[in-house]
Amino acid sequence: MKTAFAIILALILTGSAFGQCKSFTRNSCRPVLEDFIPNENYNSTLLVPGDEAELNLTFFSGQEYRLLVCSHPLLGEVNFTILDDRKNEIYARKSDDQSNYFDFRPESTQKLKLRINVPMKDNPNELIHEGCVTVMIGFKEL
């Protein structure tokens, strides 16, 4: 009985977190795409400081893209790196004064890897908060 209750509670909490990320994405991230057409398959998850995530993405020639990494203010600004299939760095956001999106036009269809890192907080005694991190892709036909 306790196991069933724990499973039900976990499902409720997961659904609640997903709902919070969905609302955050719609209200805070979607406007940053501006006049780019959003890819309807956005990726969103809950992360805490110190977490890392990777995502493999395919981009097609003949389009201009905006790749956006949007994080909840509780996490602060997250860092991200875009790598090609040979692990060459194409773009890296490593400080708060850089934009949280990258606009580009691939010369050919290619698969890229997106690495996201949520920096640790300076004060180790500070409460650890989880927050939504969303990856959205918008495109324009050329």
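1. A salt bridge is a side-chain nitrogen of Lys or Arg within 4 Å of a carboxyl oxygen of Asp or Glu. By this rule the structure contains eight salt bridges. The model is predicted, so that local features need pLDDT of at least 70 and side-chain atom pairs count only at pLDDT 80 or more, whereas totals for chains, interfaces and linings use all residues. Residues are numbered from 1 along each chain as its sequence is written, and side-chain values use heavy atoms, with hydrogens and water left out.

2. Glu-34 lies in the loop between H1 and strand S1 (37–38) and Arg-66 in strand S4, so the pair links distant parts of the chain, 32 residues apart; helices (H or I, at least four residues) and strands (E, at least two) are DSSP runs, numbered from the N terminus. Glu-34 is exposed at 55% relative accessibility, while Arg-66 is buried at 5%. Here buried means under 20% relative accessible area, exposed over 50%, and partly exposed in between, with a 1.4 Å probe and protein chains only. Glu-34 and Arg-66 also belong to a network of salt bridges with Asp-103.

3. Another salt bridge joins Arg-105 and Glu-64, at 3.5 Å from N to O. The two residues are 41 apart, with Arg-105 in the loop between strand S7 (101–104) and strand S8 (110–117) and Glu-64 in strand S4. Arg-105 counts as exposed at 54% relative accessibility, and Glu-64 as buried at 16%. In the salt bridge of Glu-89 with Lys-94, the closest N and O atoms are 3.7 Å apart; Lys-94 is exposed, with a relative accessible area of 56%.

4. The structure also holds two disulfides, each being a pair of cysteine sulfur atoms within 2.5 Å. One joins Cys-21 to Cys-132, with an S to S distance of 2.1 Å. Because Cys-21 lies in helix H1 and Cys-132 in strand S9, this pair ties together parts that are 111 residues apart in sequence. The link is left-handed, with -100° about the S-S bond. Cys-21 is buried at 3% relative accessibility, and Cys-132 is buried at 4%.

5. The other disulfide joins Cys-29 to Cys-70, with S to S 2.3 Å. The torsion about its S-S bond is about -90°, so this disulfide is left-handed. It links Cys-29 in helix H1 with Cys-70 in strand S4, 41 residues apart. Cys-29 is buried at 0% relative accessibility, and Cys-70 is buried with a relative accessible area of 5%. Counting bonded cysteines along the chain, the pattern is 1-4, 2-3.

6. The largest pocket holds about 200 Å³ of space. A pocket is an open set of points on a 1 Å grid over the protein atoms alone, where a 1.4 Å probe fits, with protein on both sides within 12 Å along at least five of seven lines; lining residues have an atom within 4 Å of a point. Its volume is the space filled by probe spheres set on the points, which are joined across faces, edges and corners. Strand S3 gives the largest share of the lining, three residues. The lining residues divide into six nonpolar, five polar and no charged, where Ala, Val, Leu, Ile, Met, Phe, Trp, Tyr, Cys and Pro count as nonpolar, Asp, Glu, Lys and Arg as charged, and the others, Gly among them, as polar.
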